[in-house]
Amino acid sequence: MTALEVIGKLLGCLVVFLTVPLLVGQLEHKVMAHMQSRLGPMYAGGFHGWAQLVADGVKFVQKESVVPARADRRVFELAPLVALLPYLFVLIAIPVAPGHSAHDLSVGVFFALAVVSVGVIGVLMAGWASANKYSLLGGLRAGAQLMAYELPLVLAAASVAMAAGTLSLDGIAHAWHWWWLPYQGVGLFVFFVAALAELRRPPFDMPLADSEIVFGPFTEYTGLRFGLFILAEYAGIVVFSALTAVLFLGGWKGPFLETGLGWLWLLIKTFLLSFVVIWLRVSYPRLREDQLQKFAWAGLVPLALAQVALTGVVRVATA
Amino acid sequence: MTGADVVFGLLGIVCLAAALLVVTARNVIHAALWLVVCFGALAGCYLVLTAEFVAWVQVLIYIGAVVVLMLFGAMLTRAPIGRQQPLDSTNRPVAALAGLATAGILVTLVVASFKGAYVDIHHTEVGDGRVLGTAVFRYFVLAFEVASVLLLAALVGAIVLTRSDRD
């Protein structure tokens, strides 16, 4: 691999990172609107408001960036980057076609889960450094939620890695067959739900709960830094949808032209999963804090353990 | 001296400096955040030594879970919004003694077991999941089981401590 190739692939990751989350954001605007019998943005850019998010971005850049007087300045300013950058790094490991990712790691699953888990530090930093009680409450809730849902997430990923016999993301996509849908179905459910909770998306948006704690850890943020947090949310949706697609839905596998159009199959699956994420936001009310904890520890963890046990039995029986 | 040696040395310096800042920081949240830098540099050290799997587990467990738990605990118990009183403990000498004793034991142990050990990172197997799994479940299975039982005991103990059957 030449240096030019490496730079090209990294630039590709950056372009994906800067465009696909915006597409998902626009999708959310329109899908939510239509599910609620509205039209959503219709004017920006002319055709069905396609440029709404561009306009939003310009607005964020123009706004004044305020740091509260009692805030811990350095931590406050660093937090949005710590929340956003992990998602950029994870994109490096996602295989877009057989044997093609920006960098294929032999321990890809662990790399992805490890780097994604760093993002929560940014949210905790924001919650603490804002010197605002709503932010602190939001940060606390985010921390508690992340610790509860990290375990089922890792267990579900471990199950599919066991089934494939490899930790490489490309290797898992290679080993995938259609009958993994029922075989790893419980794992798929657990992983996707835990991912929603990691992203603090409704119905798991207790840390942000706008009706009680304003906007949780992001209450004091304005302008570009606020925009970065919102971008992190949509980048997170893309990354977790792509990871779910690679781990549980065969990634670049499709009915035809896998080598040529692998990236397209992955993109279609990613967008379908992103659509489900938006759909769930419109459909379900927010879980209360105690319901949220109970759902993780008494619901998802046993399910994930059962899935790991099933995979283990099948692996030993067919070995 | 190869490029890997230089990178390893630099990461070691970052790790050590961050560790010093952890114990000298006057703010408990700052200390926890410096711990993130320290653990991150340590994970980098593992990567240079081709222990890929250990490096990412270090990030997943120590940065993604242990530091998050510490930050959560600090925010929950001290509720330190904004600037706060510096954290100073009166039993510094005891803490210094305990720290020095632990460091003494660990340094003696590591020097005694790995004295003169040298790994040529260009001619060795990359420490991915397969290599580590083989080592743990084939040669160190007893140590693995003992650690599991220890962790299970700690887990049960924590549940017993926090449970109140009175109500």
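Reader: Which hand does the crossing of H2(A) and H10(A) have?
Author: The crossing of H2(A) and H10(A) is left-handed. That term means the near helix is turned anticlockwise from the far one by less than a right angle; clockwise is right-handed. Helices are DSSP runs (H or I, at least four residues), numbered from the N terminus. This is a predicted model, where local features need pLDDT of at least 70, side-chain atom pairs count only at pLDDT 80 or more, and totals for chains, interfaces and linings use all residues. Residues are numbered from 1 along each chain as its sequence is written, and chains are lettered from A in the order in which they are written.

Reader: What angle do H2 and H10 of chain A pack at?
Author: Helix H2 (residues 52-62) and helix H10 (residues 223-248) of chain A pack at about 140 degrees, with axes 6 Å apart. Axes are lines fitted to C-alpha atoms over the stretch in contact, and angles run from 0 to 180 degrees between N-to-C directions. H2(A) is therefore oblique to H10(A). Under 35 degrees is roughly parallel, over 145 roughly antiparallel, 65 to 115 roughly perpendicular, and the rest oblique.

Reader: Which residues make the contact?
Author: H2(A) uses Gly57(A), Phe60(A) and Val61(A), and H10(A) uses Gly223(A), Leu224(A), Phe226(A) and Gly227(A). Contact means C-beta atoms, placed from the backbone, within 7 Å.

Reader: New topic. How many residues does the contact take from chain A and from chain B?
Author: 28 residues from chain A and 26 residues from chain B.

Reader: Which helix gives the most on chain A's side?
Author: H4(A), with 12 residues.

How values were computed. Two residues are in contact if their C-beta atoms, placed from the backbone, lie within 7 Å. Helices (H or I, at least four residues) and strands (E, at least two) are DSSP runs, numbered from the N terminus.
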